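Here are some friendly notes on the ligand site and the pockets of this model. Please have the structure open while you read.

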Amino acid sequence: MTGSKRSVIIAVDGPLASGKGTIARALGARFGIPHLDTGSLYRAVAVAMIEKGLPPEDADAAEEAARTLDVTAIDEGKIRTAGAGVAASVVSAHRAVRAALLDVQRTFASQPGGAVLDGRDIGTVICPDAHVKLFVTADEESRAWRRRAELVNRGEDISFEQVLGQLRQRDARDASRADAPMLKADDAIELDTSEMSVDEAVREAIRLVEAKLG
Ligand code: C5P
């Protein structure tokens with residue numbers, strides 16, 4: 001407790017385009033706590049590698065990029081491309097990259113009043129003691145259509161089949177890596193948004209969090 005305000009940490013995990021980012025942002029606004037999209041950190045490391053002409057498979061260079069990342073200067077336009085997403089799923093599998101990004105995430109989570117973080121390993125590794133954990137899912141096709149719409153809106157010329165292929169590749173990589181794989185925490189509440197509009201998914205997430213917090 002800080003003053004009259006309760007400190008609440010909310011962990012939102014799930015695969016790409018499941019709706020977890022939108023839900024986490026909305027939860028932050030609803031409960032008046034700051035939100036961190038942890039995927040943006042891995043994406044920013046990937047962009048730093050791409051800009052230096054380095055392959056994302058280079059673990060040492062990726063570690064250096066993660067250690068020297070300026071989290072206040074992340075360029076949204078650059079990190080949201082399909083290529084940055086694919087490269088992010090490669091750099092994020094390096095143990096040293098994950099270790100280098102641990103402190104910034106834990107520090108964010110421990111601010112007075114609490115925080116909401118979304119990613120792949122928030123409920124399992126970053127904030128295992130979070131007060132509420134959501135694991136947001138949706139079927140592959142729904143996720144691929146959503147992600148394609150986002151990318152096309154951003155001006156990328158990419159087909160549904162290409163997006164679906166990248167999605168399967170990234171899901172497989174995120175779920176199978178040795179260090180902090182994408183995993184539903186035992187105490188996480190699952191929310192399947194396949195058949196929900198954005199508003200419905202946000203409403204249901206708020207309902208679940210409020211019910212959990214009592
Ligand atoms: O969520 P987003 O698609 O922006 O994440 C990009 C990539 O960053 C993911 O595919 C995943 O490999 C990695 N990531 C991660 N752990 C997190 C958040 C993202 O490994 N907590």
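Where does the ligand sit?

1. The ligand sits in the largest pocket; sitting there means that more than half of its atoms lie within 2 Å of the pocket's grid points. A pocket here is an open set of points on a 1 Å grid over the protein atoms alone, where a 1.4 Å probe fits and protein lies on both sides within 12 Å along at least five of seven lines; lining residues have an atom within 4 Å of a point.

2. A word on the basis: this is a predicted model, in which local features need pLDDT of at least 70 and side-chain atom pairs count only at pLDDT 80 or more, while totals for chains, interfaces and linings use all residues. Residues are numbered from 1 along each chain as its sequence is written, and side-chain values use heavy atoms, with hydrogens and water left out.

3. Around the ligand there are 15 residues, with R43, S92, R98, R170 and D174 coming nearest (near means a heavy atom within 4 Å). By class, this shell has two nonpolar, five polar and eight charged residues; Ala, Val, Leu, Ile, Met, Phe, Trp, Tyr, Cys and Pro count as nonpolar, Asp, Glu, Lys and Arg as charged, and the others, Gly among them, as polar.

4. D174 has a side-chain N or O atom 2.5 Å from a ligand oxygen. For R98, the distance from a polar side-chain atom to a ligand oxygen is 2.7 Å, and for S92 it is 2.8 Å. On its own the ligand has 460 Å² of accessible area, and the protein covers 98% of it (Shrake-Rupley method, 1.4 Å probe).

5. Helix 2 (39-51), helix 5 (82-91) and helix 10 (160-176) each bring at least two residues to the ligand shell. Helix 2 contributes the most, three residues. Helices are DSSP runs of H or I with at least four residues, numbered from the N terminus.

6. The largest pocket holds about 930 Å³ of space, a volume being the space filled by probe spheres set on the points. Its lining counts 48 residues, and A17, K20, R80, R147 and E150 lie nearest the centre. That lining divides into 14 nonpolar, 17 polar and 17 charged residues.

7. Do look at the second largest pocket too, with its volume of about 180 Å³. Its lining includes A44, V47, L69, D70 and K78. Helix 2 supplies the largest share, four residues. The classes there are seven nonpolar, one polar and four charged.

Notes. Polar contact = N/O pair within 3.5 Å; in protein donor to acceptor, adjacent residues only side chain to side chain.
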